[in-house]
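Me: I should like to learn how to read a predicted model. Please take me through its features one at a time.

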Amino acid sequence: MDAAPFNSIARRKLPPKQLIYRHEIWTRVTHWIWAVCLFFLLLSGLQIFNAHPVLYSGDQSGFGFDNTVFEIGSDSQNEVTGGYTEILGLRFNTSGYLGFSDGRARAFPSWATIPSGQNLAFGRVVHFFFAWLLVATLAAWFAASVLNRHLQRDLIPTAADFKALPQDIHDHLRLRFHHGRRYSVLQKLTYGGVLFVLLPLMIVTGLAMSPGVNAAVPWLTEVLGGRQTARTLHFLTMLALVGFFAIHMAMILAAGPFNELRSIITGWYRTDTSEEDHV
Amino acid sequence: MSEMLLSRRRFLRRAALAGSAVMVSGCDVLDEAGAVDHPVRDAMESANALTYRLQRFLFGRNALAREYSRADIQQPQRPNGVTAPPDADYHSLAADGFTGYRLDIGGLVENPMSFDLATLTSLPSRSQITRHDCVEGWSCIAEWTGVPLTLLLDRVRPTAEARYVLFRCYDTIEQGLSGAFKYYETIDLIDARHPQTILAYGLNGGPLPVENGAPLRLRVERQLGYKMAKYVRSIELISRFSDIGGGRGGYWEDRGYDWYAGI
């Protein structure tokens, strides 16, 4: 199979105003399922974290020794309770947001967790339901993207892409966007990084925390540095995904939210006149 | 009781806080869906059944949890949940050094039996240095010594109808309006027959301390801590657990936790 089917579809459906069919149905539907999944996974994950808001390195949690790398907590001084966040021993006052919010001790505030109150049991139910949905959708997306060549055509960077990298970084920094049918190399690297690095890392570090998986695949937890390190990596990967989301939103706003949203909802995308030859 | 940080008082306080949060939250609908037996929650809980079936299907019945070396025991085993049962019958047993303790095994078995501690400790034992994983997220490595449950099952001979093993415990974990809630747990026969599933009477080379579940506690090394009932009073082989307690297979399960805790 080659890229011809897609291109012929794109050409055939190309209306006069440089509107092109950019995202196929698989890409659009899986995108929105992921968006929903990641929203629920994040908020239920913070709920789960709140049950023991400390991260460690190694196999176990240091109660009789210190291997803490991150902690959200609260303490009282002069009868005033405040929240703090401690990163590698450095303590920051995060009252009102982390450690203490709405007048009570709580790692992540209630607006950031599902459910809003302390409920580890339901947080886990929500988390594992959407984890399964995410994995199933990723698998479907991967199969579809290999078959319809979305992967080869749109996501895997070419040598020419890497040559264009400095120019693309330069353009992005100046918020100068090219609206072509193809992703720019920074887009390819970012989406590829999320789909082939961050999400798999999330799944693998999650599995490494399961005692059932540990018994069947003991090396998995070991290569990740132990169960508590896996838990820390799971948390760090979450931060990376939140960072991706923030940049993703900023780029969409800067590049033209109407056009970008239309393309990921309907598939149709308006390209720059100057990019017509790319189509 | 298992290793859950939620003591009864904290649990009730959190439940009250959660209740008030539900009332003030804009996410009322979502929070309501979290009630045990809510249809939305039931649908989402089916993911746990999938996890259970898939882990049982993919992983060997006897895949062993990782065992560590003595050097990995770096701290005392963190006690959790009930650490001092308030119950009078337990106190009188403890006062006597548990010499009057009897473990009754019955239910769907051909040969119900009762064991005292001296008998249990004279049976072939197994020691294992394993990592205890709490549902809250923390882990702790310790050495557990006890009698493999499968040896006891061989002696009582479960009938063909038996599907689960029920552990009833001495400790009252919560005082409800309708009376005391005692801890209980259930596991399937695959975990019950697993080589690392033991009834532990020893911890880190010494006798099992009261705070960790003396005189006898369960170890199910491929699941989370709340499955590992402490202060075990009796064992029953059963065909279903829907008619026991809240019907979900354990004290914490009745409060919304998943029955299968291999994840």
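The dialogue below treats confidence, cysteines and domains in turn.

Reply: This is a predicted model, in which local features need pLDDT of at least 70, side-chain atom pairs count only at pLDDT 80 or more, and totals for chains, interfaces and linings use all residues. Residues are numbered from 1 along each chain as its sequence is written, chains are lettered from A and ligands numbered from 1 in the order in which they are written, and side-chain values use heavy atoms, leaving out hydrogens and water.

Me: Where in chain B does the pLDDT stay under 50?

Reply: pLDDT is the predictor's confidence in each residue, from 0 to 100. Chain B averages 91, and 89% of its residues score at least 70. Residues 1–6 of chain B, however, lie below 50. The value also stays under 50 over residues 22–26 of chain B. Where pLDDT is low, the predicted coordinates should not be read in detail.

Me: How many disulfides are there over all chains?

Reply: A disulfide is a pair of cysteine sulfur atoms within 2.5 Å. The count over all chains is zero. For Cys134(B), the nearest cysteine sulfur, that of Cys140(B), is 11 Å away.

Me: Which domains divide chain A?

Reply: Domain bounds come from an automatic or database domain assignment. Chain A has domain 1 (4–24 + 148–278) and domain 2 (54–107). Their centres, taken over C-alpha atoms, are separated by 34 Å.

Me: What area is buried between domain 1 and domain 2 of chain A?

Reply: Buried area is the accessible area (1.4 Å probe) that two parts lose on being put together, summed over both. Here it is about 670 Å², with 53% from carbon and sulfur atoms. In domain 1 of chain A, Gln228(A), Thr232(A) and Phe235(A) lose the most area to domain 2, together 61% of what that side buries.

Notes: Contact = heavy atoms within 4.5 Å.
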